[in-house]
Amino acid sequence: MPDPIIVLVRPQLGENIGKAARAMLNFGLAKMRIVAPRDGWPNPSAGPAAAGADIVLDRAQVFETTADAVADCVHVFATTVRKRGVTKPVLTPEDAAKDVAAEQGRCAFLFGPERSGLDADDVALARTIVTAPINPEFGSLNLAQAVILVAYELSKFRDLAMPTREEEPPPAPQEELEGLIGHLEGMLVPKGYFLPEDREPSTRRALRTLLTQSRWNHHQVRTMRGVLSSLGKADRKA
């Protein structure tokens with residue numbers, strides 16, 4: 001799908017713009033538009049807060065009005081906790097991302113000033129309101145948190161790679177597991193672990209069950225065999 005645009009409407013602090021850029025780039029979004037930033041643009045406080053997401057800040061476009069910022073967009077979503085008296089469809093970030101993935105054309109997500117959020121005129125420009133399920137007694141996300149909620153949902157429909165995960169070694173062959181069990185049993189016999197004799201079969205089965213419950217791999221078996229070999233040696237003198 002076309003790269004969604006994150007529109008920050010009248011942001012107040014450069015640090016928050018930088019943090020929003022950082023949130024965006026983590027999930028593959030790089031198109032930021034800024035409407036009438038309070039402290040002007042560029043803002044020296046944005047770069048350090050972006051923590052390396054400089055490409056987002058370098059390409060950010062500045063507009064005087066929200067209407068100008070979304071003039072070329074087909075789908076405009078307003079992120080707000082309240083409807084503010086405007087009757088529009090309301091979606092969660094997840095459902096909004098699904099809509100974006102299913103539609104054609106450029107889309108934009110509006111995020112309001114840190115202190116007050118989007119005003120009624122900003123929301124009126126949008127076709128859809130986006131609101132996350134939130135504590136009704138405390139609905140206070142900061143700007144970067146709001147951006148990351150939307151960016152994460154959008155990332156599910158984009159070609160992002162999952163972080164590499166270390167491959168687990170294959171299970172140890174039965175021969176190695178039998179060697180481990182035999183090794184342990186051989187050390188336990190002279191210690192009287194399997195006495196009394198009438199209980200020896202059930203005790204051996206219980207030990208085997210315990211050792212075969214874990215999904216031992218080759219390295220784990222070798223490690224345990226090394227432990228047992230070390231325990232079987234005479235104590236070393238200090």
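Q: Helices (H or I, at least four residues) and strands (E, at least two) are DSSP runs numbered from the N terminus; which helix supplies the largest share of the lining of the largest pocket?
A: Helix 7 (residues 143-155) supplies that share, with four residues. The model is predicted, so local features need pLDDT of at least 70 and side-chain atom pairs pLDDT 80 or more, while totals for chains, interfaces and linings use all residues. Residues are numbered from 1 along each chain as its sequence is written, and side-chain values use heavy atoms, without hydrogens and water.

Q: What lines the largest pocket, and how do its residues divide?
A: The lining has 26 residues, and Thr-79, Thr-80, Val-81, Leu-141 and Ala-146 lie nearest the centre of the pocket. The lining divides into 13 nonpolar, nine polar and four charged residues. The volume of this pocket is about 580 Å³. A pocket is an open set of points on a 1 Å grid over the protein atoms alone, where a 1.4 Å probe fits, with protein on both sides within 12 Å along at least five of seven lines; lining residues have an atom within 4 Å of a point.

Q: What makes Arg-33 and Asp-72 a salt bridge?
A: The term requires a side-chain nitrogen of Lys or Arg within 4 Å of a carboxyl oxygen of Asp or Glu. The closest N and O atoms of Arg-33 and Asp-72 are 2.8 Å apart, so the pair qualifies. Arg-33 is in strand 2 (residues 31-35) and Asp-72 in the loop between helix 4 (66-69) and strand 4 (75-79), so parts 39 residues apart in sequence are tied together. The structure holds ten salt bridges.

Q: Why does Arg-33 count as buried?
A: Buried means under 20% relative accessible area, exposed over 50%, and partly exposed in between (1.4 Å probe, protein chains only). Arg-33 has 7% relative accessibility, and therefore counts as buried. Asp-72, with a relative accessible area of 37%, is partly exposed.

Q: How do you know that Arg-204 forms a salt bridge with Glu-185, and which helices hold them?
A: Their closest N and O atoms are 2.9 Å apart, which meets the cut-off. Arg-204 is in helix 9 and Glu-185 in helix 8, 19 residues apart. Glu-185 is buried at 14%, whereas Arg-204 is partly exposed at 24%.

Q: Which residues of helix 8 are buried, and what covers them?
A: In helix 8, the buried residues are Leu-177, Leu-180, Ile-181, His-183, Leu-184, Glu-185 and Leu-188. Their cover includes helix 9 (200-213) and helix 10 (218-232).

Methods
Contact means heavy atoms within 4.5 Å. Grid points are joined across faces, edges and corners, and a volume is the space filled by probe spheres set on the points. Ala, Val, Leu, Ile, Met, Phe, Trp, Tyr, Cys and Pro count as nonpolar, Asp, Glu, Lys and Arg as charged, and the others, Gly among them, as polar.
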